[in-house]
Amino acid sequence: MGARKASKGKSGGTDADRRIGRRALLIGGAAAALGTAVLARDELGRLWWRMPGVEKPRKEGEVDFAGARWVAASDANWRRADRPDDYGVDMVVIHVTQGSFDSAVKVFQDPEHGAAAHYIVRKDGHVTQMIRELDVAYHAGNRDFNERSVGIEHEGFVDRPEGFTDEMYAASARLTARICARYDIPVDREHIIGHVEVPGTDHTDPGEHWDWKRYMKLVRQARTTPA
């Protein structure tokens, strides 16, 4: 027996066409409804901890970079968040403290200072974390950049290149590489920038003596090395 011809409707389409079209419409509507429900659930998941009396669970002293030492910054210098769920992280901002390591820690613990970075890298390569990466640090002087970036301070002065030691470059590069791996940030100068490159800033760090070519090479090497 041969195949049966589908009967034509007034519009010129076949009955089979109309059945397929109706089925596609129902499936599409169901998918759209499901997608809306998933989006709503995800949004609620991001916002639940903002409700009065609710705080996202934290472990005291926990760090995001293995080997870092935890020293808490004043909670006046950052705000709680749930990154990357509520704010995507796609940038690392490089800073220089314009002072000693101890002075940087002190001002980041000062609630009157109004600013702090997630990390400080000391001249000997020691890394201190003062704000969790999931939280927004007030380090870039630009709200949008604060929300989307991790800030790394480096002990020293912009006009003293001798202070940027081999140990500092190496440790900072490993730290930046791990941040880039965690959030799938491209290792390039569009996503790893200096404080001076943040729109609206009046800062000049890390300054002309920061060796970007050397630093980016070290970050790329560390990015391809197992943690």
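**Entry 1: strand pairing.** I began with strand 3 and strand 7, which run parallel and are joined by 4 bridges. Strands here are DSSP runs (E, at least two residues), helices are runs of H or I with at least four, and both are numbered from the N terminus. Two strands pair if DSSP finds at least two bridges between them. I looked up one partner: Ile-94 bridges to Ile-152 in strand 7. Strand 4 also pairs with strand 7 in the parallel sense, over 3 bridges. There, Val-121 has His-154 as its bridge partner.

**Entry 2: source notes.** The model is predicted, so local features need pLDDT of at least 70 and side-chain atom pairs pLDDT 80 or more, while totals for chains, interfaces and linings use all residues. Residues are numbered from 1 along each chain as its sequence is written, and side-chain values use heavy atoms, without hydrogens and water.

**Entry 3: cover.** Is strand 7 buried or exposed? I found 6 of its 6 residues buried. Buried means under 20% relative accessible area, with a 1.4 Å probe and protein chains only. Ser-149, Gly-151 and Glu-153 cover one side, and Val-150, Ile-152 and His-154 the other.

**Entry 4: core.** The largest nonpolar core has 31 residues. Such a core is a set of buried Ala, Val, Leu, Ile, Met, Phe, Trp, Tyr and Cys residues joined through side-chain atoms within 4.5 Å. Helix 4 gives the largest share, 9 residues.

Entry 5: Phe-164 lies in the loop between strand 7 and helix 4. Its relative accessible area is 5%, so I noted Phe-164 as buried.

Methods. Buried means under 20% relative accessible area, exposed over 50%, partly exposed in between (1.4 Å probe, protein chains only).
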